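Student: I would like to go through this structure and ask what stands behind each label. Please set the values against the criteria.

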Amino acid sequence: MNTETILKILQERIHSTIVATIGDDGHPQVRAIDIMLIEDGKPIFLTARGKAFYDQLISQQFIALSGVKEGCSISLRGKVRSADSALLEKAFEQNPYMQTIYPGITRKALEMFELYEGQGEYFDLNFRPIYRQSFTIGGAEKNKWQYTVTSACSGCGLCLDICPQHCIERIGKKVRIQPEHCLHCGLCFERCLHKAVVPTDESK
Ligand code: SF4
Ligand code: SF4
């Protein structure tokens, strides 16, 4: 699935996401934020200047968000900045419910933001085995964390039955994990007597 399709799902199908920042006390804070638009591959959202969230966006310039709908989830974390204020009118046109929340000129309290660079993950529990896919926006480096099987694998097959998604396959005398179907549950890691299953970040 290409990134454009994933972002379309985020904005149209999921729409409401939970967005995390860090509060003044140093602990995470979350709130529900709707993705108003996708512009040039960037999720666009808004908030009012009077909110603590607004101050955190300005000072931290970074968020993590996650949205779930009918077994399909998308998570994205990355850099944010102010977006073109002209997008406010477009956001209200495409999301008419906003006109009752901020009627008339009260919309002037709102500021537009864009998530312009970040790492994301698409996760779909409607398939068996489950389907997951990493993606990026704005040229960020892909998150390549996953479980992999090293050359220490003896081919004993102990890990095959314990995998809840049956996404470990035999390749010759060894095995391979299919990363697009892996839950990251770690059961194969715990089971392998040869320590052949390792959590890895291929970007390192
Ligand atoms: S349990 Fe370990 S050694 Fe055995 S097949 Fe799985 S990865 Fe290879
Ligand atoms: S981490 Fe879990 S889901 Fe992924 S391959 Fe290992 S046992 Fe299967």
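Student: Which residues come nearest to ligand 2, and what makes a residue count as near?
Tutor: In this predicted model, the ligand 2 shell has 13 residues, of which Cys163, Cys182, Leu183, Cys185 and Cys188 come nearest. The criterion is a heavy atom within 4 Å, so these five belong to the shell.

Student: What makes domain 1 and domain 2 separate entries?
Tutor: The domain assignment gives 3-137 as domain 1 and 147-199 as domain 2. Their C-alpha centres lie 36 Å apart. The contact takes six residues from domain 1 and seven residues from domain 2.

Student: What is the buried area between the two domains, and which atoms give it?
Tutor: About 600 Å² is buried between domain 1 and domain 2, with carbon and sulfur atoms giving 57%. On the side of domain 1, Pro129, Ile130 and Arg132 supply 80% of the area buried against domain 2, more than any other three residues.

Student: How many salt bridges and polar contacts cross the interface of domain 1 and domain 2?
Tutor: The rule finds zero salt bridges there, but four residue pairs in polar contact. The side of domain 1 that touches domain 2 has four nonpolar, no polar and two charged residues.

Student: Why is the pair of glutamate 39 and lysine 90 called a salt bridge?
Tutor: Their closest N and O atoms are 2.5 Å apart. The limit is 4 Å, so the pair qualifies. Glutamate 39 sits in strand S3 and lysine 90 in helix H3 (residues 87-94), 51 residues apart. The structure holds nine salt bridges.

Student: What makes proline 129 and aspartate 40 worth a remark?
Tutor: Most residues other than glycine have a negative phi, and most peptide bonds are trans. The bond from arginine 128 to proline 129 is cis, with omega near 0°; proline 129 is in the loop between strands S7 (110-124) and S8 (131-137). Aspartate 40 has a positive phi of about 50°, in the loop between strand S3 (37-39) and strand S4 (42-48).

Technical notes
Residues numbered from 1 in each chain as written. Chains lettered and ligands numbered in written order. Predicted model: local features only at pLDDT ≥ 70, side-chain atom pairs only at ≥ 80, totals over all residues. Heavy atoms only, no water. Domains from an automatic or database assignment. Contact = heavy atoms within 4.5 Å. Buried area = accessible area lost by both parts, 1.4 Å probe. Salt bridge = Lys/Arg side-chain N within 4 Å of Asp/Glu carboxyl O. Polar contact = N/O pair within 3.5 Å; in protein donor to acceptor, adjacent residues only side chain to side chain. Nonpolar A, V, L, I, M, F, W, Y, C, P; charged D, E, K, R; others polar. Helix = DSSP H or I, 4+ residues; strand = E, 2+ residues; numbered from the N terminus.
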